[in-house]
Amino acid sequence: MPFNLKGILTGMLAKVISATLSGIEGVPVDVEVDISNGLPSFTIVGLPDQSVQESRERIRSAIKNSDLNFPVKRITVNLAPADIKKEGPAFDLPIAIGILIASEALAPKMEEPFLIVGELSLDGTIRPVNGIISIAIMARDLKIPVMFVPYENSSEAALIPGIKVYGIKNLTDLVQFLNGAISLSPSEPARSIKINEFSGDFNEVKGQESAKRALEIAAAGFHNVIMVGPPGSGKTMLAQRLPTILPPLTEEEALEVTRIYSSAGLLPKGGGIIEERPFRSPHHSISLAGMVGGTSNPKPGEISLAHNGVLFLDEFPEFRRDVLEALRQPMEDGSLVISRAHGSIRFPARFMLVASMNPCPCGYLGDTKKNCTCTQYQIEKYFSKISGPILDRIDIQIEVPRLETDTLIRNTPGEGSNFIRDRINRVREFQIDRFKDGFRFNGLMTPREIKKYCRLNPPVQSLLREIIDKFHLSARSYDKLLKVARTIADLNESEFIREEDILEAIQYRILDRKYWEKKFS
Amino acid sequence: MKNKRALGNLGEKKALEYLRNLGYDILAVNFYSQRGEIDIIAEDKGTLSFVEVKTRTGKKFGDPEESITLKKRERIVRTALYYLHSRGWPRLSCRFDVLTVKIDPKTGDTEFNLTRDAFQLEGDTYRYVG
């Protein structure tokens, strides 16, 4: 073990366990405080950044304002290991406690090792910090049984079973508790919280039955989708309603999502566990750092915030080329690695991509009512913005045409989200059974799994052979076809993939021939 | 100019009296080094205290505490290091105090304001461990 687990006290040296974040992972940090005679000074070493240096003033004031003595001595604080960059104000509290222990103002009565994180304000109040759930997971893995965290974070840390979490409101409380003067009770786990603002229902979308069916398949099997259609045909409306039919998060998935939001500081006040799939729709002006995560100060980007949920990119070709290309690696691996001088950081990014675009720059190519005014060159340029490798990774391609006047005026509501969701939930259960794993979907199958789970009867096989010949399908397209067919078969509650499943699936693979054929075949 | 020196001497005399009454054990007065001067060096309950005395007659030039500039602090710290060196680095904790003496020129009334631990070393420029 790289550090001594016990908050030890030897003479004028104190050691307190704390932690920092590296991406969304918690990393243990030993806070060592040495107090010696000499000219009074207060130095922090161990690769602290500016925000940690500033904590000296907060700590000094907080200790004084809590009616405790700030020692007039030479104080040296070391944050070990010294090769990880330490950021943020979460070390305020452990350093303050270390100083009090080293100056013998505090002698912890605790037998068990404990971990402390928290930001101090000048009056000694403890303010919440980011990423507490990741730190709690780290504490559990390192078998640290007790955690002292800011009161507002405590229910979030308590989500992790096996550790006792105490929520602390101010410095005085913690000092008195450690001295055995007062008792506190451990915090209770957090309630669930909502992150998606939009709520609608699929029955509000008029017509577009085939698009709805395609989105149902996509949601059931976690397949990437691209929708092509003229302005106003309902692409955005359809996408926004996707969260209402997505299957619920499993416990492991919910924890992953909560970790990411906690690290990014996006959990609402009081914290909690996120139990709905995220839906992110960044604007097309987004920067590369905003999409994949900051580089100098790695924070999760949109693709990580969409982890286990939907990343909706409206006006797909309008996104910057480098932003779109950056999606390739995460779409393949389900995670993103950001490399820096001090090692690399992995962010989970297993999202379902839902893209929408017009069929040409003016939007009316092939429209029944309006004429397209684009030149052939403009159209080709527009489509060439979506590169072959990106398109290859999208399982389902659909057209969302202009609504016919009759459908528009008729007032028959479509099928409600709750009916669709029931079917999807059933398919989700099939998949959990199939993969014996709370994370997997048909859309995420590896080639080996495709072979195992997409077995075909001889008549279906011959049909497929015919299709491959006719459409000149590549090996990758063939795999995609089988994955989508598997989900369709699941929706039809069929154990085997039947002819009709294949025939439906092939419909979702033909758009690229219509629009991209010239360039990519 | 002469007046100013006289005022300073008067203030320091009163300051010594005041510190003695507080129980400070005076070790040196007007300790000079090449790098500067410390008005009073005293021991206060086991802590070595370097006292800077500031005397003022009115509020015209602001509070006396304000006149301890960064440069002045540096001089005091360097002189303190020299003092510690000349005494063979005693194993004591140290402190910098500022004592302001306000003298009313008409009545001669004096008012003291002692700030213990008025400032500390910034960063790790001075590496002295007692």
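**Exercise 1.** Identify the residues with the most contacts inside the largest nonpolar core of this predicted model.

*Solution.* Start with the terms: a nonpolar core is a set of buried Ala, Val, Leu, Ile, Met, Phe, Trp, Tyr and Cys residues joined through C-beta atoms within 7 Å. Buried means that 20 or more other C-beta atoms, placed from the backbone, lie within 10 Å of the residue's own. The largest such core holds 141 residues, and A:Ala96 and A:Val225 have the most contacts inside it. Next, take the contributors: eight residues come from helix 3 (residues 92-102) of chain A, which gives the most; helices are DSSP runs of H or I, at least four residues, numbered from the N terminus. Apart from this core lies another of 21 residues, including B:Leu19 and B:Tyr24.

**Exercise 2.** List what A:Val225 touches, leaving out residues up to four places away in sequence.

*Solution.* A contact requires C-beta atoms, placed from the backbone, within 7 Å. By that rule A:Val225 touches A:Ala214, A:Leu215 and A:Ala218, and also A:Val354, A:Ile394, A:Ile396 and A:Ile398. For chain A as a whole, contacts between residues at least 6 apart in sequence join residues at least 24 apart in 75% of cases.

**Exercise 3.** State how much of chain A is buried, and its mean pLDDT.

*Solution.* Of 521 residues, 48% are buried. The pLDDT, the predictor's confidence in each residue from 0 to 100, averages 87, and 96% of residues reach 70 or more. Residues 1-11 fall below 50.

**Conventions.** Residues are numbered from 1 along each chain as its sequence is written, and chains are lettered from A in the order written. In this predicted model, local features need pLDDT of at least 70, and side-chain atom pairs count only at 80 or more, while totals for chains, interfaces and linings use all residues.

Conventions
Two residues are in contact if their C-beta atoms, placed from the backbone, lie within 7 Å. A residue is buried if 20 or more other C-beta atoms lie within 10 Å of its own, exposed if 12 or fewer, and partly exposed in between; C-beta atoms are placed from the backbone. Helices (H or I, at least four residues) and strands (E, at least two) are DSSP runs, numbered from the N terminus.
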